[in-house]
Amino acid sequence: MIDDSHKFSLLKHLVEEKFGQRPRTPNDFRALSAAIREEGGQTLGVTTLKRLWGYIANNSRPTFSTRSILSRYAGYSDWDVFTRACSRPDDASGFNTARLIMCVDLRPGQIIILKWGSNKGCKLRATDNPRQLRVIEAVNIKLLVDDLLTVESFIIGQPLMASECLRGTTQLGSYTSGRRFPLSEINLI
């Protein structure tokens, strides 16, 4: 099982990806605080953010409320939903040498084929937005053709996690698939 500190590190990485960079300066932390407030209407103070990213000394664990605010910014409804999305019973902390594809590295129009379980999968096409992909084929999953997903990365052995799913003009929220059967195949065309 992934421990909370590893999950929190993953959450911070997702926050950095959405923010567009790792905060390193006082101005970065002020901008991140403002972005979080604008996104969800909740505030995390600049000093709190500095502590979370190790810019200033910190000996305490972030509260559930703080972790939930960051989870909402990353596209999840709270910390519990985020931890369920990234947990599997057979997870173990450690290094991952599995295949990893970062969505920012995909070219517009490039196609990625994902498979998991015995008969589940989808085909996605990269859009002009570096983290957005359009579903062009869906097999035995809840996504539909033309759904628009916001995804940071794909990792063999991990679930497909989209921070946002847009169906037409309807925002469906975050999407996680492969909870019981993580991604088993990733192919780029």
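**View 1. Strands β2 and β3 of the predicted model.** Strand β2 (residues 111-116) runs antiparallel to strand β3 (residues 120-126), and six bridges join them. Two strands count as paired if DSSP finds at least two bridges between them. Within this pair, I111 stands opposite R125 in β3. Residues are numbered from 1 along each chain as its sequence is written. The model is predicted: local features need pLDDT of at least 70, side-chain atom pairs count only at pLDDT 80 or more, and totals for chains, interfaces and linings use all residues.

**View 2. The open sheet.** Seven strands, paired antiparallel, form an open sheet in the order β8-β7-β5-β4-β3-β2-β9. Because β8 (170-177) and β9 (183-188) each have a single partner strand, they stand at the edges, and one side of each is left without a neighbour in the sheet. Neighbouring strands of this sheet are turned by 30° against each other on average, direction ignored; the axes are lines fitted to C-alpha atoms.

**View 3. The whole chain.** Five helices and nine strands make up the secondary structure of the chain, in the sequence pattern α-α-α-α-α-β-β-β-β-β-β-β-β-β. Helices (H or I, at least four residues) and strands (E, at least two) are DSSP runs, numbered from the N terminus. Of the 189 residues in the chain, 42% are buried, meaning under 20% relative accessible area with a 1.4 Å probe, protein chains only. Among contacts (heavy atoms within 4.5 Å) with a separation of 6 or more, residues 24 or more positions apart account for 50%.

Key: Heavy atoms only, no water. Buried < 20%, exposed > 50% of the residue type's maximum accessible area, 1.4 Å probe, protein only. Axes fitted to C-alpha atoms, helices over the stretch in contact; angles between N-to-C directions.
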